Amino acid sequence: MNCLQSWPEPVVRVQSLSDSGIRLIPDRYIKRSSEVPSTSLCSGGGGGGDNIPVIDLGELYSADRAIREKTLVRVSAACREWGFLQVVNHGVSHELMAAAREVWREFFHLPPEAKQAYANSPSTYEGYGSRLGVEKGAKLDWSDYFFLNYLPASLRDEKKWPSLPPSCRQKIADYSEEVVKLAGKLMKIFSIDLGLEEDCLQQAFGGEDIGCCLRVNFYPKCPQPDLALGLSPHSDPGGMTLLLPDENVSGLQVRRGDNWVTVKPVKNAFIVNIGDQLQVLTNANYKSVEHRVIVNSDQERVSLAFFYNPKGDIPIEPAKELVTEDRPALYPPMTFNEYRVFIRTRGPCGKSQVEALKSPR
Ligand code: OGA
Ligand code: NI
C-alpha cells in the first residue's frame with residue numbers, strides 16, 4: 001500500500017554542497033529557465049513597490065469601533081486578494097521568536113553526524129531532510145529542512161526532535177504553544193470577516209483536535225543563485241501557515257498575477273498565509289496563493305514554517321453559509337489525510353493540486 005518508505009536516490013545535504021566551496025551547482029539543482037528568478041518580473045524588494053499587507057492585530061481589539069472595522073477590512077482584502085499578510089502586535093513574545101529561530105540556526109550549524117541522527121524518510125517526513133517528493137531524477141530545491149509534528153498529541157514524539165542544542169526541545173514546545181494560540185485568534189478573525197459564527201472555521205477543522213507541524217527551512221548560500229530555487233513554487237496544502245522568516249535575509253516571493261513580489265520581512269512580525277484547506281472551506285473566498293523562495297550567494301537563511309491544519313480524518317468542504325446559487329460549492333469533500341498523499345508524493349508543484357480538486361461543472 002505505502003509506496004513512500006524510502007528515498008529513490010541517496011540523499012545529498014545541500015548544506016554540505018554549499019560548504020564544499022563548489023563554484024558550479026550540480027545539474028539536479030538547475031531549474032528550467034522559465035522557472036528561475038527573473039529579476040525583471042520581481043517587485044517589492046524595498047524599492048517602494050508592492051508589499052503584502054501589514055496588519056496591527058491590536059487594532060482589531062481597539063476601543064474605537066472605526067479602527068476595528070477598518071482593520072478588519074484590511075485583513076479581509078489581504079486574505080481574499082493576496083492570500084498573505086504580515087501581522088504585528090500579535091501577542092507572541094519577541095524574545096521567544098528570536099530564541100526559537102536562533103536555536104534552529106545553531107542546530108543547522110552542528111556537525112553533519114549530529115544532524116544525520118535525525119535523517120528522515122518519506123513515510124512521515126519527520127526529521128532532517130533534503131527533498132520533498134519521491135520522484136526519481138526530479139529537479140531539487142536548494143534547501144535542507146527539519147520537519148516535526150506538534151499536534152495531535154498522539155503524533156508528538158519529542159524524542160524525534162533535536163536533543164541539541166540542549167534548549168531546542170523546550171524552545172520548540174514553548175514556541176509552538178504560543179503560535180497555536182495566535183492561529184486560534186486568527187481563525188476567529190477570519191470567521192467573523194466571512195460572516196460566520198466566530199468558532200465556525202475552528203469547528204470545521206475539528207475543534208481542539210487540529211493538526212500542527214513545524215518545518216524549519218535552511219537555505220545555504222548558493223554559488224549560482226540565478227539558476228536555483230530555495231523552494232519551488234507551491235501553495236501550502238494545510239489550513240494556514242505562520243512563518244517566522246529570517247530577520248536579516250529576504251527570500252520569500254509571493255505570486256501576484258504574473259509577478260513575484262519579494263516579501264520584505266517586518267521586524268518581529270509573522271508572515272501568515274492561507275493554505276489550500278482554508279481555500280476549500282471558504283469556497284475560494286480566501287485564496288491559497290503560490291509562493292517560492294529564492295536564494296543568494298552571500299547569506300544563508302533560516303525560516304520556521306508552522307502549519308496549522310484540520311484534523312486529518314474529517315472531510316473538508318465549503319462551509320454551507322458560503323455556498324449559494326450564484327456561487328455553488330467549488331470543491332467536493334476530501335479529508336486532509338487523503339489530500340496530503342499527493343502532495344507528499346509529488347513535491348512542490350504550484351497550485352495544481354488544489355486546482356485539480358475542483359468539482360467538474
Ligand atoms: C514553506 C514556505 C517560505 C520560506 O515552508 O512552505 O513557503 O520563506 N517557506 O521559507
Ligand atoms: Ni509554503
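Trainee: Which conventions apply here?

Mentor: Residues are numbered from 1 along each chain as its sequence is written, while chains are lettered from A and ligands numbered from 1 in the order in which they are written. In this predicted model, local features need pLDDT of at least 70, side-chain atom pairs count only at pLDDT 80 or more, and totals for chains, interfaces and linings use all residues; side-chain values use heavy atoms, without hydrogens and water.

Trainee: Which protein donors does the nickel ion (ligand 2) have?

Mentor: Donors are N, O and S atoms within 2.8 Å of the metal (3.2 Å for Na, K and Ca), and sites may look incomplete because water is not among the atoms. For the nickel ion, the protein donors are H234 (NE2), D236 (OD) and H291 (NE2), lying 2.1 Å from it.

Trainee: How are these donor residues spaced in sequence?

Mentor: Their pattern is H-x1-D-x54-H. H234 in strand 7 (residues 231-234) and H291 in strand 12 (residues 291-293) are 57 residues apart, a pair that links distant parts of the chain. Helices (H or I, at least four residues) and strands (E, at least two) are DSSP runs, numbered from the N terminus.

Trainee: Are H234 and H291 buried or exposed?

Mentor: Buried means under 20% relative accessible area and exposed over 50%, with partly exposed in between (1.4 Å probe, protein chains only). H234 is buried because its relative accessibility is 9%, and H291 is buried at 5%.

Trainee: What lines the largest cavity?

Mentor: Its lining comprises 23 residues, with L132, R215, P237, F307 and I343 nearest the centre. Helix 8 gives the most to this lining, four residues.

Trainee: What can be said of the second largest cavity?

Mentor: It contains about 140 Å³ of space. Of its 17 lining residues, the closest to the centre are L231, L243, L252, H291 and A305. Strand 13 supplies the largest share of this lining, four residues.

Technical notes
On a 1 Å grid over the protein atoms alone, a cavity is a set of points where a 1.4 Å probe fits but cannot get out, and a pocket is an open set with protein on both sides within 12 Å along at least five of seven lines; lining residues have an atom within 4 Å of a point. Grid points are joined across faces, edges and corners, and a volume is the space filled by probe spheres set on the points.
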